[in-house]
Amino acid sequence: MFRVSAFGYIASLLFVCFRIAPPADAGDPSTKVDAAADALEDKVIGWRRDIHQNPELGNRETRTAALVADHLRALGFDSVRTGIAHTGVVGVLKGARAGPVVALRADMDALPVTEETGLAFASTVRTTYNGRDVGVMHACGHDTHVAMLMGAAELLAGMRDEIPGTIVFIFQPAEEGPPEDEDGGASLMVAEGALTDPRPDAIFGLHISPRDLNSLYYARGPMHASADVLKIKVIGRQTHGAAPHRGIDPIVVAAQIIIGLQTIHSRQIDTRKTAVISIGSIHGGVRNNIIPEEVELIGTVRTHDAEVRTDVHARIERTATAIAESAGARAEVSWGHGIPVSYNEPALVDRMLPTLERVAGAAMVELTPAVMGYEDFAFFEQQVPGMFVFLGARLPGISRAEAAPNHSPRFVIDESALRLGVRTYAALALDFLALSPTE
Ligand SMILES: [Zn+2]
Ligand SMILES: [Zn+2]
């Protein structure tokens, strides 16, 4: 039986009144953002599937870039620049009112991974990468970033009248690094003027992740590690394997250097500071009874602090050269393309945290320790204050331990998270502009 008490009646009347005519919410931009994100959801998922099925490696994102540029032009953007850092796109949307400038960034590149997800829209694309035949897959989820930022672009273009400033949309190539012997990525976008005319006052980025569905994760300070490619060439003197004293053995010296490098973090720097030195490749020699002339070591070095980074580099050089010298050999240390620490500006984080809590719900926003992975968004953050967040999109019913990580051929996401991503991009831009003092 259905009974209505007087109290229940009044309460439901109040509830209905509040729902129907919330005076404080009338015209509230966040209400409009939510409604627009709902309306755009199917479109965003459609773009994501299309991009997922047609992945392109770094510096080769021509189809994706054309899709983006056509979309921004169709939305009536004030300017759409293409071909920045090879295939990058920068779109500018001016609000009806004058004010500061904010940038939103999505990366567009896929990885040389052969997809094994079994999705209906899985990629079957193959290409040549660094001379090898490889499968191509959006195994890092950058397809979702492009689709979500295209969605935010459409949403914000529909709210021009309410935008108190300018929004710059940055679609970046080659976040995972350009192919060998090519330049590219965020550093090249900066060099080619992505952050000029207009110059943003802040920049926001996000990354899809197999963390909890529809949660947002942020760090205050370092978010990703610096990453440097380390190369050490150990030069000895070739000799017979039975007569090592007639030469200088670079294999034994290389082994001593590898062990020596591991004592840098454990014995020489404050162990409360993070640092990882990993050697991932050793090459030297051709057969059992020839001690070779040279050995090459290649590795990666990660830190969360610019000073520690410089210090660790100097100690690696000292350790390698001095150990080599002790054996009468020589070590040449060189550094490949390096990525700085990505750093969430604490003042900006404090200012934008209420925005994250509003869009995701306070219980779904979590402070996270910095990760040891890198993100070349760091190059943008070297120019303007920035903030980066992780968007959780793990399928329900799967534990974090079971979920395939980014870069796995089985990496999958729950597409219901894309709506939150669109709202997060849009809300960060709108709130940043609304909260900034007008010039
Ligand atoms: Zn990645
Ligand atoms: Zn990525």
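The model is predicted, so local features need pLDDT of at least 70 and side-chain atom pairs count only at pLDDT 80 or more, while totals for chains, interfaces and linings use all residues. Residues are numbered from 1 along each chain as its sequence is written, chains are lettered from A and ligands numbered from 1 in the order in which they are written, and side-chain values use heavy atoms, with hydrogens and water left out.

Let's start with the metals. Donors here are N, O and S atoms within 2.8 Å of the metal (3.2 Å for Na, K and Ca); water is not among the atoms, so sites may look incomplete. Cys140 sits in the loop between strand E5 (132-135) and helix H4 (142-157), and His207 in strand E7 (residues 202-209), so the pair ties together parts that are 67 residues apart in sequence. Helices (H or I, at least four residues) and strands (E, at least two) are DSSP runs, numbered from the N terminus.

The zinc ion (ligand 1) has Cys140 (SG), Glu176 (OE) and His407 (NE2) as its protein donors, 2.0 to 2.2 Å away, with the sequence spacing C-x35-E-x230-H. Glu176, in the loop between E6 and helix H5 (186-191), and His407, in the loop between E18 and H10, are 231 residues apart, and the pair links these distant parts of the chain. Cys140 coordinates both the zinc ion (ligand 1) and the zinc ion (ligand 2), which are 3.0 Å apart.

How accessible are the donor residues? His207 is buried, with a relative accessible area of 8%, and Cys140 is buried too, whereas His407 is partly exposed at 38%. Buried means under 20% relative accessible area, exposed over 50% and partly exposed in between (1.4 Å probe, protein chains only). The side chain of His207 also makes a polar contact of 3.4 Å with that of His142. Such a contact is a pair of N or O atoms within 3.5 Å; within protein, one must be able to donate a hydrogen and the other to accept it, and residues adjacent in sequence count only if both atoms are side-chain atoms.

Strand E7 leads us on to the sheet. Here 8 strands form an open sheet in the order E1-E2-E6-E3-E7-E18-E8-E17, with mixed pairing; two strands pair if DSSP finds at least two bridges between them. Strand E1 (79-84) and strand E17 (365-367) are the edge strands, each pairing on one side only. Strand E8 (residues 216-218) runs parallel to E17 and is joined to it by 3 bridges, and Tyr217 has Glu366 in E17 as its bridge partner. Helix H10 packs on the sheet, touching strand E3 (97-107), strand E6 (164-172), E7, E8 and strand E18 (386-392), and its direction makes about 150° with that of E3. Axes are lines fitted to C-alpha atoms, for helices over the stretch in contact, and angles run from 0 to 180 degrees between N-to-C directions.

In soluble globular proteins, nonpolar side chains tend to be buried together. The largest core has 71 residues, and Leu156, Phe169 and Phe171 have the most contacts inside it. Helix H10 (residues 417-435) gives the most to this core, with 12 residues. A second, separate core of 27 residues includes Val92, Leu188, Leu195 and Ile339. A core is a set of buried Ala, Val, Leu, Ile, Met, Phe, Trp, Tyr and Cys residues joined through side-chain atoms within 4.5 Å.

Asp109 lies in the loop between E3 and strand E4 (126-129) and counts as buried at 2% relative accessibility. The contacts of Asp109 (heavy atoms within 4.5 Å) include His142 and Glu176, and its side chain reaches the backbone nitrogen of Glu175 at 3.0 Å. His313 lies in helix H7 (residues 306-326) and is buried, with a relative accessible area of 13%. The side chains of His313 and Asp228 are joined by a polar contact of 3.1 Å.

Terms used: Lists of a residue's contacts leave out its neighbours within four places in sequence.
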